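Good morning, and thank you for making time on the agenda. I would ask you to keep the sequence and the structure in view while I speak.

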Amino acid sequence: MDSKKIILGNERCQHLTKRLNRLSIWGFFKYLYGNQAMKLLLVNFLYLVFFAPCLVFVVLATIEGQDLASTLPTWGTITMNGGFWLGVDSYYQAQIMELNHDTLWKACLGALAISFVLSGGLAIIRDAFWSGKLKVLRSFALGVKASWGYGLAASAILSAAVFGFCKFTWWSQIALGKGWTIALCILLGLILLLVALYLFILCSVAVTYKQSVKQNLADAFNMMLLNFLPHASRLLVAMVPVAVYFIFGSGLIVILFMLMLGFFYIPFVWQTHMMKTFALFHPVQVNKKGEPKKQPNQDLAPAQN
């Protein structure tokens, strides 16, 4: 892949003074948390607002499933509140599957609100990377204005892809058997990862550079090919909170983490990675000692004591 094919022109940085950010992702997080902890929590709450429509349906379905299980007798036994019911296990599975189907389309529809995180939310991290300051409302508004269409398209495509993936998984378990289901789900999972990776890169490019739609599409595709493994691994790292939720469920510790930092973590890790990648193409110029200053760039130093 020839990096010269990647244009990345016309940065959306005219509203602030860029500073050279030499910090690692973890170092940048410590800098923000050490200097602007309250604003960081405010950003996390803002992200929570747009994740909530999707999460509410998932949580309600979990509670409904638990309530259903508590009202049914144990399979093949006689309980104090019920009789001998040989078909209770099949009945329970049928009810849970019906609940899953109903929850799936509602959660995917609610996930469209995440489009604001993929536009305004990424813009907050963009400006913080350049300036060293979390400017919540202004950066969010500028990001939505600049790239709301990309965020909406990305969230709609990903929601439809997840919907189709889940539907196929449930169908294939009955029609194709366990072996084929596992093999095809792995294949479809890799395709879903590629689609998600491209869309995330596209949203980052659109929120950071003011270009034509055609150029944004081309730059995102070329960047994905140029650094595929770093981008893919960083996306997987960014999605750790999602994996933690589905593995450990809605435990108290998991809920507290998500309320405090979990929703901030996902766009922060991804967009900071992309900003460091963009800096390879358009590095911030630092004047050498004795040279006249051509632009007011400064170093973004670690947190001050």
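Predicted model: local features only at pLDDT ≥ 70, side-chain atom pairs only at ≥ 80, totals over all residues.

I begin with Ala128, which counts as buried because its relative accessible area is 0%, under the 20% limit for that class. Ala128 belongs to helix α4. Which residues touch Ala128, once its neighbours within four places in sequence are left aside? They are Phe28, Lys133 and Leu134. Ala128 can also be placed relative to Arg19: the two are 109 residues apart in sequence, yet their C-alpha atoms are 9.8 Å apart in space.

The mean pLDDT of the protein is 86, and 87% of the residues reach 70 or more. Residues 301-305 have a pLDDT below 50, and in the model this stretch has seven contacts beyond near neighbours in sequence. I therefore ask that the confidence values, which run from 0 to 100, be kept in mind for that stretch.

Let me now turn to the overall architecture. The protein has 10 helices and two strands. Read from the N terminus, the order of elements is β-α-α-α-α-α-α-α-α-α-α-β. Of the 305 residues, 42% are buried. The accessible surface amounts to about 17000 Å², and carbon and sulfur atoms hold 69% of that surface. Among contacts with a separation of 6 or more, 78% are between residues 24 or more positions apart.

Leu42 and Leu134 are 92 residues apart along the chain, with a C-alpha separation of 9.8 Å. Leu42 is located in helix α2, which covers residues 37-71. Is Leu42 buried or partly exposed? Its relative accessibility is 43%, so Leu42 counts as partly exposed.

A further pair is Asn100 and Gly65, which are 35 residues apart along the chain and have C-alpha atoms separated by 9.4 Å. Asn100 sits in helix α3. With a relative accessible area of 29%, Asn100 is partly exposed.

Ser115 is placed between α3, residues 88-110, and α4, residues 117-131. How does the accessibility of Ser115 classify it? The relative accessible area is 8%, so Ser115 is buried. Apart from neighbours within four places in sequence, Ser115 makes contact with Gly151, Leu152 and Ser155. Those three residue numbers fall within helix α5, which spans residues 136-175.

Phi of Leu8 is near 50°, which is a positive value in a residue other than glycine. Leu8 is buried, at 1% relative accessibility. Asn10 also lies in the segment before β1. Asn10 is not a glycine either, and its phi is positive at about 60°. The relative accessible area of Asn10 is 43%, so Asn10 is partly exposed.

My last topic is a pocket. Rolling a probe the size of a water molecule over the atoms shows where empty space is left. The second largest pocket has a volume of about 200 Å³. Which residues line the second largest pocket? The lining consists of Arg12, Gln14, His15, Arg126, Leu142, Lys145, Ala146 and Lys210. Helix α5 contributes the most to this lining, with three residues. By class, the lining comprises four charged, two polar and two nonpolar residues.

To close, I return to two of the buried positions. Ala128 is buried in helix α4, at 0% relative accessible area. Ser115 is buried in the loop between α3 and α4, at 8%. The second largest pocket, by contrast, has four charged residues in its lining. Thank you for your attention.

Technical notes. Residues numbered from 1 in each chain as written. Heavy atoms only, no water. 1 Å grid on protein atoms, 1.4 Å probe; cavity = no way out; pocket = protein on both sides within 12 Å on 5 of 7 lines; lining within 4 Å. Points joined across faces, edges and corners; volume = space filled by probe spheres on them. Helix = DSSP H or I, 4+ residues; strand = E, 2+ residues; numbered from the N terminus. Nonpolar A, V, L, I, M, F, W, Y, C, P; charged D, E, K, R; others polar. pLDDT = per-residue confidence, 0-100. Contact = heavy atoms within 4.5 Å. Buried < 20%, exposed > 50% of the residue type's maximum accessible area, 1.4 Å probe, protein only. Areas by Shrake-Rupley, 256 points an atom, 1.4 Å probe, with all protein chains shown as cover.
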